[in-house]
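Here is a short report for a reader who is new to this chain. Please look over the sequence and the structure before reading on.

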Amino acid sequence: MKHLPKHLQPRWRYLAVGFETWPDADVDRGGFQRELWYAAQNLLGDVGSADVDLTVVRFDRWDGGGEAIVRVRRDESDRARAIVACVETVGSDPIGVRVAGTSGTVRACEEKYMRGGPERTEQRHVTAGGDTQAVVVRDGRLEYRTNDALTAGTPLDIE
């Protein structure tokens with residue numbers, strides 16, 4: 001079987017997507033891909049979601065966040081950004097998603113927009129409500145567990 005001529009081959013754009021979750025969230029590539037497909041189908045319908053053709057090419061995750069590269073058809077990058085903005089949970093875990101940028105190749109997308117690796121975190125112990133708890137500090141945010149649920153805030157919230 002012959003290949004298509006270059007002018008007939010599909011053209012792609014790559015979206016660099018960053019996301020934040022709770023540290024104990026269970027977010028994986030398959031779940032993220034599934035939520036993208038559901039969001040595309042809900043927003044654009046079957047035909048529109050097939051036109052956009054979202055595919056997760058690369059997925060890196062760490063405690064509390066991660067990055068992904070999502071492949072879309074060249075003329076559909078604006079609609080793809082809208083679809084990514086519609087993703088608010090993966091499975092039962094809430095997720096905050098942002099598009100860092102768009103590129104024409106995977107390599108350029110990685111070099112230009114991907115920060116790689118986790119944020120610098122540190123662990124402190126604070127006293128809140130008479131109990132001493134372990135608190136994870138990330139970029140001026142505090143995350144701690146209260147009554148079997150995670151809570152986030154700033155240092156001013158705890159004082």
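Leaving aside its neighbours within four places in sequence, which residues is Q33 in contact with? Q33 is in contact with L54, T55 and V56. Contact means heavy atoms within 4.5 Å.

## Basis of the report

This is a predicted model, in which local features need pLDDT of at least 70 and side-chain atom pairs count only at pLDDT 80 or more, while totals for chains, interfaces and linings use all residues. Residues are numbered from 1 along each chain as its sequence is written, and side-chain values use heavy atoms, with hydrogens and water left out.

## The chain

The chain has four helices and ten strands. Helices (H or I, at least four residues) and strands (E, at least two) are DSSP runs, numbered from the N terminus. Along the sequence the pattern reads β-α-β-β-α-β-β-β-α-β-β-β-β-α.

The chain has 159 residues, and 35% of them count as buried. Buried means under 20% relative accessible area, exposed over 50%, and partly exposed in between (1.4 Å probe, protein chains only). Take the contacts between residues at least 6 apart in sequence: 61% of these join residues at least 24 apart.

Helix 1 covers residues 29–52. A straight helix of 24 residues would span 34 Å at 1.5 Å a residue, but helix 1 spans only 19 Å between its end C-alpha atoms. The expected span is 1.5 Å times one less than the number of residues. Where is the kink in helix 1 centred? The kink is centred on L44 and is about 120°. The bend at a residue is the angle between axes fitted to the seven residues ending there and the seven starting there.

The buried residues of helix 1 include G31, F32, E35 and S49. Q33 is one of them too, because its relative accessible area is 10%. The buried residues of helix 1 pack against strand 1 (12–20), strand 2 (55–62), strand 3 (65–73), helix 2 and strand 4 (89–90).

## Helix 1 against helix 2

The axes of helix 1 and helix 2 (residues 77–86) come within 8 Å and cross at roughly 160°. Axes are lines fitted to C-alpha atoms, for helices over the stretch in contact, and angles run from 0 to 180 degrees between N-to-C directions. The two helices are therefore roughly antiparallel, a label for angles over 145 degrees. Helix 1 brings L36, A39, A40, L43, L44, G48 and V52 to the contact, and helix 2 brings R79, A80, A82, I83, V84 and C86. These residues divide into eleven nonpolar, one polar and one charged. Ala, Val, Leu, Ile, Met, Phe, Trp, Tyr, Cys and Pro count as nonpolar, Asp, Glu, Lys and Arg as charged, and the others, Gly among them, as polar.

V52 lies in helix 1. V52 counts as buried because its relative accessibility is 0%. Beyond its neighbours within four places in sequence, V52 is in contact with L44, V72, R73, E76, R79, A80 and I83. V52 and A40 are twelve residues apart in sequence and 8.2 Å apart in space, C-alpha to C-alpha.

## After helix 1

D53 follows helix 1 and is found in the loop between helix 1 and strand 2. D53 is not a glycine, yet its phi is positive, about 55°. Most residues other than glycine have a negative phi. Is D53 buried or partly exposed? At 24% relative accessibility, D53 counts as partly exposed.

Definitions and conventions: Parallel < 35°, antiparallel > 145°, perpendicular 65-115°, else oblique.
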